[in-house]
Amino acid sequence: MSGISELLLLLVVVLDLAILTSTRLTTCIRTSALQGVLLASLPATLLFEAAGRAPLHVVALGVFLLLLKAFAIPTLLFPADVQHEVEPFVSLHVSVLIGTGLIAISFWLATVLVLPRLAPSAMVVPAGLSTLLLGFLILVSRRQAVTQVIGYLMLENGVFIFGQLLVREIPLAAELAILLDLLVGVFVMGIAIYHISREFDHIDTERLTTLRG
């Protein structure tokens, strides 16, 4: 089972690219939910590989993460107007090239960065960096508010992956507090998207610039 965590993290990077290249918002949301399923099992998998067991509080964190990222957050995003195709500021072909370059840079940085402690998996740093950078790319290169929220979620996923470097030291209360902050942030974003869609019949954030006086 020593390679399960590497497989999970590799699949997370593949899903990052899938979100980046997707042309429909519904596909982006479903892919983000699938990414949440993989990340929910990551902490317990890493600890099981290292110590042969996963503490109960880590399993509880995984269950909470599964409910939050695979069910609650996608449910908040789906009521928005998700029938429109993604209309990126940067074309999909250019996005793929940039995304591939960012992943390559992430894997290179993982070989030169000096960590304060040994990583629980060789894929933690490159997968965390890749998810952070691709999330930021989606956040700044997409027009639709829903896709920008997904970019924000990918940023948080990257931070979560990096947090696995300290999975033994971070108390459960701190982990749950961070996840609750994420839920509140996405909940507020979902409400904003709903009202934007209801008032303007679209969720293209570029058109909001016409409101400037």
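The model is predicted, so local features need pLDDT of at least 70 and side-chain atom pairs count only at pLDDT 80 or more, while totals for chains, interfaces and linings use all residues. Residues are numbered from 1 along each chain as its sequence is written, and side-chain values use heavy atoms, with hydrogens and water left out.

The protein chain contains eight helices and zero strands. Here helices (H or I, at least four residues) and strands (E, at least two) are DSSP runs, numbered from the N terminus. Read from the N terminus, the order of elements is α-α-α-α-α-α-α-α. The chain has 213 residues, and 44% of them are buried. Buried stands for under 20% relative accessible area, exposed for over 50%, and partly exposed for values in between (1.4 Å probe, protein chains only).

Helix packing was examined next. Two packed helices are described by the angle between their axes and the distance between the axes. Axes are lines fitted to C-alpha atoms, for helices over the stretch in contact, and angles run from 0 to 180 degrees between N-to-C directions. Helix α1 (residues 4-21) packs with helix α3 (residues 42-51). Their axes are 9 Å apart, and the angle is about 155°. That makes α1 roughly antiparallel to α3. Angles over 145 degrees count as roughly antiparallel, under 35 as roughly parallel, 65 to 115 as roughly perpendicular, and the rest as oblique. The crossing of α1 past α3 is left-handed. A crossing is left-handed if the near helix is turned anticlockwise from the far one by less than a right angle, and right-handed if clockwise.

Helix α1 also meets helix α5 (residues 92-112). These axes come within 9 Å and cross at roughly 160°. The two helices, α1 and α5, are therefore roughly antiparallel to each other. In this case α1 passes α5 in a right-handed crossing.

The term means a side-chain nitrogen of Lys or Arg within 4 Å of a carboxyl oxygen of Asp or Glu. The partners are E156 and K69, whose closest N and O atoms are 2.4 Å apart. E156 belongs to helix α7 (residues 145-163) and K69 to helix α4 (residues 56-77), so the pair ties together parts that are 87 residues apart in sequence. Both E156 and K69 are buried.

At 5% relative accessibility, K69 counts as buried. K69 lies over the face of F160, 5.4 Å from the ring centre. A charge sits over a ring if NZ of Lys or CZ of Arg is within 6 Å of the ring centre and within 35 degrees of the ring normal.

T75 counts as exposed, at 53% relative accessibility. T75 and A33 are 42 residues apart in sequence, and their C-alpha atoms are 9.7 Å apart in space.

Two other residues were placed in the same way. S22 sits in the loop between α1 and α2 (25-40). With 8% relative accessibility, S22 counts as buried. S22 and L92 are 70 residues apart in sequence and 8.3 Å apart in space, C-alpha to C-alpha. T100 is found in helix α5. T100 is partly exposed, with a relative accessible area of 43%. T100 and S130 are 30 residues apart along the chain, and 9.3 Å separates their C-alpha atoms.
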